[in-house]
Amino acid sequence: MSLLADLINLNLSDFTEKIIAEYIWIGGTGLDLRSKAKTLPGPVTDPSQLPKWNYDGSSTDQAIGEDSEVILYPQAIYKDPFRKGQNILVMCDCYTPTGKPIPSNKRYNAEKIFSHPDVVAEEPWYGIEQEYTLLQNDIRWPLGWPVGGFPGPQGPYYCSVGADKSFGRDIVDSHYKACLYAGINISGINGEVMPGQWEFQVGPAVGITVADQLWIARYILERITEIAGVVLSLDPKPIQGDWNGAGAHTNYSTKSMRGNGGYEIIKRAIEKLSLRHKEHISCYGEGNESRLSGRHETADINNFSWGVADRGVSIRVGRETKKDGKGYFEDRRPASNMDPYIVTSMIAETTLLWKPS
């Protein structure tokens, strides 16, 4: 095993100029991450320097066997925290051989929205709070929970310390440092209300960048849990009953919201969001109806609401934002399994481009 560890930790830059690029893409479910590695002749500093690649889309539910080739377009690069050195992780999106985005490619439409001049001018900032649950591999039950049983009720676990309250911190800290190494703007982590559940935050980041970074952060977390023999769950309600669900609260501001008089801009944006509540909910993650119950710090899925410092509403505005008359707001509706390309671009589209009739 020591030889295996030595080989895994081998620093290729001592022996060759070649590097390894791990091409990463989203599979047919819209949530499953796939990747494969490619040797390149030397270091790369921009995705435009990378070649396109292809894969068998019939094995990922993204193409039929008779016409299975799907093309990977490199879109963003990050340092590889697993191979280290000059090796990289590459976030890709997926196209047909004729250059058309495949149906599961949600980045394409997001990029169109974020490239619109009215959106570019407003420099939309995002911060996404990604909640997730760690499960025991053999029984698919939360980490730290007794087999076939339940821990004590919620209360002592949020931001807790101690072997009887905090489960999986080594995984969480490893992920935190790996994201910083990769160049992801991860801004913090914390233990969540339900034991075995954690959160990390990505942002602030502008436009589509935050979605690229969140997907790479998810990929890194999947790799770390793979090493640890633990299962990562993004189920928005992994345990039924009196237990908190898992969300992906999305914090948002524009240049106008961050400037003087921004609070009025925020209120107008919230009004627009209220008018498209059903459309947003339909795109905010699978199984969200189990989480958005009106309990456990959520609003009811059927009713739009907003308030200041209220965690039981659809949109929360911070006290400082109201006091300062400018700032940001938090959309608390997205589920933990949401697609950040869809959610972030939809918020921008509704608040900056959509004109109510």
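Guide: A residue is called buried under 20% relative accessible area, exposed over 50% and partly exposed in between (1.4 Å probe, protein chains only). Asp331, at 0% relative accessibility, therefore counts as buried. The model is predicted, so local features need pLDDT of at least 70 and side-chain atom pairs pLDDT 80 or more, whereas totals for chains, interfaces and linings use all residues. Residues are numbered from 1 along each chain as its sequence is written, and side-chain values use heavy atoms, without hydrogens and water.

Visitor: With which residue does Asp331 form a salt bridge?

Guide: In general, side chains of opposite charge can pair when their charged atoms come close. A salt bridge is a side-chain nitrogen of Lys or Arg within 4 Å of a carboxyl oxygen of Asp or Glu. Here the partner of Asp331 is Arg333, and their closest N and O atoms are 2.9 Å apart. Arg333 is also buried, because its relative accessibility is 2%.

Visitor: How many salt bridges are there in total, and which residues are joined into a network?

Guide: The count comes to 13 salt bridges. Through shared partners, salt bridges join Glu22, Asp80 and Arg83 into one network.

Visitor: Are Arg295 and Asp242 buried, partly exposed or exposed?

Guide: Arg295 is partly exposed, because its relative accessible area is 48%. Asp242 has 51% relative accessibility and therefore counts as exposed. These two residues form a salt bridge with their closest N and O atoms 3.3 Å apart. The pair links distant parts of the chain, 53 residues apart: Arg295 is in the loop between helix 9 and strand 11, and Asp242 is in the loop between strand 9 (230-233) and strand 10.

Visitor: How many aromatic pairs does the structure hold?

Guide: Rings of Phe, Tyr and Trp (its six-membered ring) pair if their centres lie within 6.5 Å; planes under 30 degrees apart count as stacked, over 60 as edge-to-face and the rest as tilted. The structure holds 13 such pairs. Among them is the tilted pair of Tyr126 and Tyr252, with 5.2 Å centre to centre and 40° between the planes. This pair links distant parts of the chain, 126 residues apart: Tyr126 lies in strand 6 (residues 125-136) and Tyr252 in strand 10 (residues 248-253). Tyr126 is buried, because its relative accessible area is 1%, and Tyr252 counts as buried at 1% relative accessibility. An edge-to-face pair is formed by Trp141 and Trp145, with 5.5 Å centre to centre and 90° between the planes. Trp145 has 3% relative accessibility and therefore counts as buried.

Visitor: What should be noted in the backbone at Pro204, Asp61 and Arg140?

Guide: The peptide bond from Gly203 to Pro204 is cis, with omega near 5°, and Pro204 lies in strand 8 (residues 197-206). Asp61 has a positive phi of about 60° although it is not a glycine. Asp61 is in the loop between strand 3 (53-56) and strand 4 (69-79), and it is exposed because its relative accessible area is 67%. Arg140, another residue other than glycine, has a positive phi near 55° and lies in the loop between strand 6 and helix 4 (169-182).

Visitor: Which residues does the UniProt annotation "domain: GS beta-grasp" cover?

Guide: UniProt positions are given in the numbering used here, feature names are shortened, and annotations may be inferred rather than shown by experiment. The unreviewed UniProt entry assigns this annotation to residues 19-99, where the chain is 0% helix and 48% strand. UniProt also places "domain: GS catalytic" (unreviewed entry) at residues 106-357, where the chain is 38% helix and 19% strand.

Notes. Helices (H or I, at least four residues) and strands (E, at least two) are DSSP runs, numbered from the N terminus.
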